[in-house]
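Here's a quick briefing for anyone meeting this structure for the first time. Have a look at the picture, then read on.

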Amino acid sequence: MRLSHLFAPTLREDPAEAEVASHRLLLRAGFVRQLTAGVYTTLPLGVRTMRRIEQIVREEMDASGAQEIRMPIVLPAEPWKATGRFDLYGELLFKLTDRHGRQMLLGPTEEEVVAPLVAANLPSYRDLPVNLYQVEWKYRDEFRPRFGLLRVREFLMKDAYSFDRDEEGMRTSYQAMYDAYGRIFDRCGLDYVTVEADPGQIGGGVNHEFMARTQVGEDLFVECANGDYLADVEAARPMATEATDQTDLLPLEVLDTPETPTIDALAALLGVEARQTLKCILFDAGGQTVAVLVPGDREVAEPKLERLFFPTPVRPFEDADFAERGFAKGYVGPQEVPEDAVVLADHTVRGGRDWITGANEPDRHVRGANTPRDFRVDRWEDLVQIRDGDRCPIDGGELRVGRSMVVGHIFQLHTKYSEPLKATFIDEDGIAKPFQMGCYGIGIGRIMAAAVEQCHDDEGIRWPKAIAPFDVEVVLATRDHEPSVTEAERIYRDLTERGVDGLIDDREDAAGVKFADADLIGCPVQVVVGKRGVEAGSVDLKLRATGERSQASLAEAVDAALDLLASAP
RNA sequence: CGGGACGUGGCGCAGUUUGGUAGCGCGCAGCGUUCGGGACGCUGAGGUCGCGGGUUCAAAUCCCGCCGUCCCGACCA
């Protein structure tokens, strides 16, 4: 491709709206342009990189036995009502109405389409397993698109769905995807970790996230300093706390603590540490009151709580709930919790005693609260948010919190969708049974953004060669020196004949402009052809990833470029 | 959804406090000089100052409403 003909408008200055590196560089280097919040046009360079990513994804999906299909984007709402996701997703859905007044939506994911599709001709167990995938646009009206291509409202996603006869088959299909995902992200050149994660809104059971390590990601994970534990921050658990000595407990004593509805105010008034206090956080789970106990210096991890009660929705108390159910907001303690409520305590609560906690009346707390003497605990569970410095549950090592961008997420769904959708097959015993499903997503644009986050410097992008828009850029560093032009054209042509995706900068611009753009666009290898070199019978080569420069004779220029490309990351 | 900031030629910005002929840099077009790390000179094109309403002799500037974009947060007692 000739840069003189390529629609790749590069920007000399950083766009005002872009703060994170990937957003800034993808705009500046002419890969994408923003149309509106969270919606982007992909320019030729971006299309090339995304196609390369798609190609890797398709090869590995096909190799794992999955088959590509293409499903619609405009979907009728009915199946989404059947699975409950029409309401569950709510505002996240782009909804539209057709001319007949029928409710439609733009697909945010496609279980509701693919399960009925596979079930349509009532397959036999002999037809299973089946794994279908597509690479298609997805629509989610995120309440805050951000970080350029990281969180967008329209995005290209590879989504796959496996259908099995039983759980064992589902686990086999899941493992095949797990393995394929590892190969995909390896091939894309990403530095990533794989963690067991929270199921979130898709629900179901076991699931893993593939997280590219980045500076700016929205998703946090924890990692043991000794390298033996990795988890999504929403699913991570700290090392079990040892129970404290329970002798010589303090008596329960009521304290006057005016104007102390927060832990900070209470700790300040009494001159104690927040961790000596006990928070009693109230939730509603399908009408039942749930009291969650955690030390005052810790936060409740709501996703963990939601998982415990799944599929019953759990929500925090609203102001009205406190009054209706007889609790004093800001002064709630676990004593006197009604019998029909359930009291959950985090394991870390075992490590404390003589708690200071709410007295269940305004402006009063108690000191010396102990279980089971003063309050009951119905269940001990893992309920706290993990934080930097917690101990690893495997070996007690220090846990560190890292940032990442989730580029892939795989789920074991069991019959969560096949059941409500009545997506069944006929089993060996002649009875119709719901499929055991799995679903598997990869964000194509996110891989592109994550790669830029991981591979860039002050000058621009340093593409991993597997997903670079072009392999080699030939920079013609002169305009009016005919022998240089001839040599540059020859090298470009020979590279193309040798199967390399080549780009030649044949524009009428100064050499400095071309060098700057070459570094910005970030092809792995640059071959610089100019008057000085050509008169001396040589070209200059540069490996973008390291900045390493070398020279080759005109005759060996193509081989040298190919060798350098082979050595590129 | 709450809070904050911003909106002025294609891009980046100044001008708004204190109302009075719309500016700068880059880019773009033409000519000339340059020609290996974002060159130089001359000439030139290009703006409903986000939109609507109001105040005023006069509004980019003051007032009201709306729209858009970005950032932070979204219930922890």
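What follows is a short tour, grouped by topic.

This is a predicted model, in which local features need pLDDT of at least 70, side-chain atom pairs count only at pLDDT 80 or more, and totals for chains, interfaces and linings use all residues. Residues are numbered from 1 along each chain as its sequence is written, while chains are lettered from A and ligands numbered from 1 in the order in which they are written.

**Confidence and overall build**

- Chain A has a mean pLDDT of 91, and 99% of its residues reach 70 or more; pLDDT is the predictor's confidence in each residue, from 0 to 100.
- The scores for the model are ipTM 0.92 and pTM 0.87.
- You'll find 14 helices and 31 strands in chain A. Both are DSSP runs numbered from the N terminus: H or I over at least four residues for helices, E over at least two for strands.
- Taken along the principal axes, the C-alpha atoms of chain A fill a box of roughly 95 × 65 × 50 Å.
- Chain A has 569 residues, and 43% of them count as buried. Buried here says that 20 or more other C-beta atoms lie within 10 Å of the residue's own, with C-beta atoms placed from the backbone; exposed is 12 or fewer, and partly exposed is in between.

**Around the RNA**

- There are 49 residues around RNA strand B, and A16, G330, G512, G530 and G533 come nearest. A residue is near a molecule or strand if its C-beta atom, placed from the backbone, lies within 6 Å of it.
- With eight residues, α12 gives the most to the surface near RNA strand B.
- By type, the residues of this surface are 23 nonpolar, eight polar and 18 charged. Nonpolar covers Ala, Val, Leu, Ile, Met, Phe, Trp, Tyr, Cys and Pro, charged covers Asp, Glu, Lys and Arg, and polar takes the others, Gly among them.

**Two open sheets**

- In general, strands of a sheet pair through backbone hydrogen bonds, either parallel or antiparallel. Two strands pair here if DSSP finds at least two bridges between them.
- One open sheet has three strands in the order β4-β6-β5, with antiparallel pairing. Its edge strands, each pairing on one side only, are β4 (74-76) and β5 (94-97).
- The twist in that sheet averages 40° from one strand to the next. For such angles, axes are lines fitted to C-alpha atoms (for helices over the stretch in contact), and the angles run from 0 to 180 degrees between N-to-C directions.
- β4 and β6 (residues 103-106) run antiparallel and are joined by three bridges; V74 has L106 in β6 as its bridge partner.
- Another open sheet has five strands, ordered β16-β14-β15-β17-β20, with mixed pairing. β16 and β20 (379-381) are its edge strands, each pairing on one side only, and its twist averages 35° from one strand to the next.
- β17 (residues 342-346) and β20 run parallel, joined by three bridges. There, L344 stands opposite R379 in β20.

**β11 and its partners**

- β11 (residues 219-224) is mostly covered, with five of its six residues buried.
- Six bridges connect β11 with β21 (residues 399-414), and the two run antiparallel. V222 has V401 in β21 as its bridge partner.
- β12 (residues 230-232) also runs antiparallel to β11, over three bridges, and here V222 stands opposite A231.
- The hairpin of β11 and β12 has five residues between the strands, and G227 takes a positive phi near 75° there.

- Why is α10 (residues 444-454) largely enclosed by the rest of the structure? Because 11 of the 11 residues of α10 are buried; among them are I444, R446 and E453.
- β27 (residues 472-476) pairs with β28 in the parallel sense over four bridges, with V475 partnered by D505 in β28.
- From β28 (residues 502-505), G502 and I504 point one way and L503 and D505 the other way, all of them buried.
- β27, α11 (residues 482-497) and β28 make a right-handed β-α-β unit. Right-handed says that, with the strands pointing away from the viewer, the path from the first strand over the helix to the second runs clockwise.
- A212 lies in β10 (residues 207-213) and counts as buried because it has 25 C-beta neighbours inside 10 Å.
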